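I opened a notebook for this structure and wrote down what I looked up, entry by entry. The sequence and the model come before the notes.

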Amino acid sequence: DALAAASITCVGDFKQQDLAVTAWAFARAGQTLPALFDVLAAASTACVGDFKPQALANTAWAFATAGHVSPVLFDALAAASTTRVGDFKPQELAN
């Protein structure tokens with residue numbers, strides 16, 4: 001996949017929302033490419049504390065939907081979500 005390869009190459013330039021939306025889009029499309037999700041997991045883990053609630057929810061949903069196991073990322077998502085639970089909208093919690 002050319003788009004996945006381009007995303008892998010450019011992931012260092014992605015902002016938090018870019019990481020979340022990229023993971024969401026590939027998972028939604030059923031493109032569960034391990035190399036891409038590995039890179040997205042590493043990049044997301046490094047900055048997950050800066051994610052907005054929607055990005056936290058989208059990232060968790062995307063990785064769960066893709067079936068991509070990343071315990072370090074999920075631990076980071078859980079920690080970030082716990083400290084910001086009051087900022088979540090009902091839809092973000094439902095995801």
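In which helix is Thr45 found? I found Thr45 in helix α3. Helices here are DSSP runs of H or I with at least four residues, strands are runs of E with at least two, and both are numbered from the N terminus.

Two notes on the source. The model is predicted, so I note that local features need pLDDT of at least 70, that side-chain atom pairs count only at pLDDT 80 or more, and that totals for chains, interfaces and linings use all residues. Residues are numbered from 1 along each chain as its sequence is written, and side-chain values use heavy atoms, with hydrogens and water left out.

Entry: Thr45, continued. The classes are buried under 20% relative accessible area, exposed over 50% and partly exposed in between, with a 1.4 Å probe and protein chains only. Leaving aside neighbours within four places in sequence, I list Val72, Leu73 and Ala76 as the contacts of Thr45. Contact means heavy atoms within 4.5 Å. I also noted Asp75, which is 30 residues from Thr45 along the chain, with 9.0 Å between the C-alpha atoms.

Entry: Ala35. This residue, Ala35, is also a part of helix α3. Ala35 has 48% relative accessibility and therefore counts as partly exposed. Between the C-alpha atoms of Ala35 and Val21 I read 17 Å, for 14 residues along the chain.

Entry: α2 with α3. Two packed helices are described by the angle between their axes and the distance between the axes. I took helix α2 as residues 16-28 and helix α3 as residues 34-47; their axes come within 10 Å and cross at roughly 150°. Axes are lines fitted to C-alpha atoms, for helices over the stretch in contact, and angles run from 0 to 180 degrees between N-to-C directions. So α2 and α3 are roughly antiparallel to each other. The cut-offs are under 35 degrees for roughly parallel, over 145 for roughly antiparallel, 65 to 115 for roughly perpendicular, and oblique for the rest. I recorded the crossing of α2 and α3 as left-handed. A crossing is left-handed if the near helix is turned anticlockwise from the far one by less than a right angle, and right-handed if clockwise. On the α2 side I listed Gln16, Leu19, Thr22, Ala23, Phe26 and Ala27, which meet Leu36, Phe37, Leu40, Ala43, Ser44 and Cys47 of α3. The contact of α2 with α3 has nine nonpolar, three polar and no charged residues. Ala, Val, Leu, Ile, Met, Phe, Trp, Tyr, Cys and Pro count as nonpolar, Asp, Glu, Lys and Arg as charged, and the others, Gly among them, as polar.

Entry: α4 with α5. Helix α4 covers residues 53-66 and helix α5 residues 71-84, and I read axes that come within 10 Å and cross at roughly 150°. The pair α4 and α5 is therefore roughly antiparallel. Pro53, Leu56, Thr59, Ala60, Phe63 and Ala64 of α4 make the contact with Leu73, Phe74, Leu77, Ala80, Ser81 and Arg84 of α5. I sorted the contact residues of α4 and α5 into nine nonpolar, two polar and one charged. The crossing of α4 and α5 is left-handed.

Entry: How many residues does α4 have? I noted 14 residues for α4 and a reach of 20 Å from first C-alpha to last, close to the 20 Å expected at 1.5 Å a residue. The expected span is 1.5 Å times one less than the number of residues. Buried residues of α4 include Pro53, Leu56, Asn58, Phe63 and Ala66. Gly67 follows α4 and has a positive phi, near 70°.

Entry: α2 with α4. I read an angle of about 30° for α2 and α4, with the axes 8 Å apart. The crossing of α2 and α4 is left-handed.

Entry: Phe51. Is Phe51 buried or exposed? Phe51 counts as buried because its relative accessibility is 0%. I placed Phe51 in the loop between α3 and α4. Not counting residues up to four places away in sequence, Phe51 touches Gln16, Leu19, Ser44, Leu56, Thr59 and Arg84. Phe51 and Gln16 are 35 residues apart in sequence and 5.8 Å apart in space, C-alpha to C-alpha.
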